[in-house]
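I opened this notebook to record what I looked up in one model. The entries follow the order in which I consulted it.

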Amino acid sequence: MSTALVGLIAGMALGFAGWFGGFGAFLLVAALGAVGFVVGRLVDDGTDIRGFLVGRDRDRR
């Protein structure tokens, strides 16, 4: 799945949450989406939370 398609789906989900549930639902969907992104990156990369938070720039030095 391309990044543009994932962004489209996330934008549509946030739009529906904001339209039907109000601003609180919008924030809840955005926060859960961020948590899902972090968990997905951890599973894909096979790394621990410290490696994710440090970033990839430190590996290049």
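The entries below go from the whole chain to single side chains.

**Entry 1: confidence.** I noted at the outset that this is a predicted model. I looked up the pLDDT and found an average of 78 for the protein, with 85% of the residues scoring at least 70. I then went through the elements: helix α1 has the highest mean pLDDT, 83, and helix α3 (residues 57-60) has the lowest, 56.

**Entry 2: secondary structure.** I recorded three helices and zero strands. Read from the N terminus, the order of elements is α-α-α. Helix α1 covers residues 3-45.

**Entry 3: exposure of the whole chain.** I asked what share of the 61 residues is buried. The value is 3%. For the accessible surface of the protein I noted about 5100 Å², and carbon and sulfur atoms account for 68% of that surface.

**Entry 4: a nonpolar surface patch.** I looked for nonpolar side chains grouped on the surface and found a patch formed by Met1, Leu5, Val6, Leu8, Ile9, Met12, Phe16, Trp19 and Phe20. Together these residues have about 1100 Å² of accessible area. Trp19 is located in helix α1. Its relative accessibility is 71%, and Trp19 therefore counts as exposed, the cut-off for that class being over 50%.

**Entry 5: aromatic pairs.** How many aromatic pairs does the ring criterion give? I counted two.

Phe16 and Phe20 are both in helix α1, at a spacing of four residues, or about one turn of the helix. Both are exposed, and both belong to the nonpolar patch of the previous entry.

Phe23 and Phe26 also form a stacked aromatic pair, with 6.0 Å from centre to centre and 20° between the planes. Because Phe23 and Phe26 are three residues apart in helix α1, about one helical turn separates them.

Technical notes. Residues numbered from 1 in each chain as written. Predicted model: local features only at pLDDT ≥ 70, side-chain atom pairs only at ≥ 80, totals over all residues. Heavy atoms only, no water. Patch = residues over 30% accessible without salt bridge, like charges linked within 9 Å, V, L, I, M, F, W, Y side chains within 5 Å. Areas by Shrake-Rupley, 256 points an atom, 1.4 Å probe, with all protein chains shown as cover. Salt bridge = Lys/Arg side-chain N within 4 Å of Asp/Glu carboxyl O. Helix = DSSP H or I, 4+ residues; strand = E, 2+ residues; numbered from the N terminus. Buried < 20%, exposed > 50% of the residue type's maximum accessible area, 1.4 Å probe, protein only. pLDDT = per-residue confidence, 0-100. Phe/Tyr/Trp six-rings, centres within 6.5 Å; stacked < 30°, edge-to-face > 60°.
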